[in-house]
Amino acid sequence: GAASANNDVLPRLLSNLPIDQNFLGLSYAYSEGNVAVDPSLALDVSSRLHTAVVTYSRSFAAFGQSATLTAVLPYSDLTLTGVVLGERVTASDGQISDPKFRLAMNLAGAPALTLKDFAGYRQKTLVGLSFEVTPPLGHYDDSRRVNFGSNRWSLFSELGVSRRFTRITLEAAVGGVLFTDNDDYLGSRTLSQKPIGTVRANVIYHLNRPGTWIGLNSLYLRGGETAIDGEDRQDLQANSRIGVSLAVPFARRHNLLFKFSSGVTTRIGADFDNYQITYSVRL
């Protein structure tokens, strides 16, 4: 089907990291809620989604500022329960989802520092730009409406700013995602999707222990109308979500991140609750 990329809150939008470092992340997320499988059909469908994600990042210097290159490799297990023609049906499957490759570049306020020099860094105002490419490498079956892979490319870009005031950090970002066509939708049909615009805003409160913080996160997205063989499906997305997050470092190189988010207003496709835990380590 047509998925909306980057349709959840992000705990942190911008950060500075010491350069020439490697980071490994392992995440587990559980989502549940209603899923608009196909807005043109009168289906009452709910879902339970388990997702395991492996993330690898490498920090480096770019034009005097810090930057990171990240690969995100997800595996998902989905159970759908719904009513079709008056009969309750259940379907379950697990497959590899589309990976993501992200380049995040700080444009100001995040000087490229080695690990030794980074101890003296204090954030003030950061400005950053990110690009995320999602290639069609996940599992896809052209006979099914719901797939783990999208069978198309997408490109997401976002420009953000972050300002720290002693214990409080304020963050905001605007972005958008573009999609190529899926020419194998339900056989030989063509599924196209218009761009989706996003606005994010976060408030971060830093606790006494270094690296420990609590975040209030929000997202608004609009757009993404789809068409099949040029026929519009009247499925504009206009959704907002909020979430909370908690970062807790332990030992010297290790960190835990807990996140919860939920839909506030949902027109199409984002009415779900998400629970996530992430372990990360600097290698």
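This is a predicted model: local features need pLDDT of at least 70, side-chain atom pairs count only at pLDDT 80 or more; totals for chains, interfaces and linings use all residues.
R163 lies over the face of F165, 5.2 Å from the ring centre.

In the whole structure, a search finds four aromatic pairs. One of them joins F118 and Y121: the ring centres are 5.5 Å apart and the planes meet at 25°, so the pair is stacked, since planes under 30 degrees apart count as stacked. F118 has 21% relative accessibility and therefore counts as partly exposed. Y121, at 16%, counts as buried, because buried means under 20%.

Another pair is formed by F260 and Y275. Their ring centres lie 4.9 Å apart with the planes at 45°, so this pair is tilted. F260 belongs to strand β16 (residues 254-265) and Y275 to strand β17 (residues 272-282), so the pair ties together parts that are 15 residues apart in sequence. F260 is partly exposed, with a relative accessible area of 29%, and Y275 is partly exposed at 38%. Ring pairs also bring in Y30, linking Y30, F260 and Y275 into a cluster.

The last stop is a loop. H139 sits in the loop between β6 (125-134) and β7 (154-165). Its relative accessibility is 32%, so H139 counts as partly exposed. Leaving aside residues up to four places away in sequence, H139 touches Q95, I96, N147, F148 and G149. Of these contacts, G149 is ten residues from H139 in sequence, and the two C-alpha atoms are 4.8 Å apart in space.

Note on methods:
Residues are numbered from 1 along each chain as its sequence is written. Side-chain values use heavy atoms; hydrogens and water are left out. Helices (H or I, at least four residues) and strands (E, at least two) are DSSP runs, numbered from the N terminus. Buried means under 20% relative accessible area, exposed over 50%, partly exposed in between (1.4 Å probe, protein chains only). Contact means heavy atoms within 4.5 Å. Rings of Phe, Tyr and Trp (its six-membered ring) pair if their centres lie within 6.5 Å; planes under 30 degrees apart count as stacked, over 60 as edge-to-face and the rest as tilted. A charge sits over a ring if NZ of Lys or CZ of Arg is within 6 Å of the ring centre and within 35 degrees of the ring normal.
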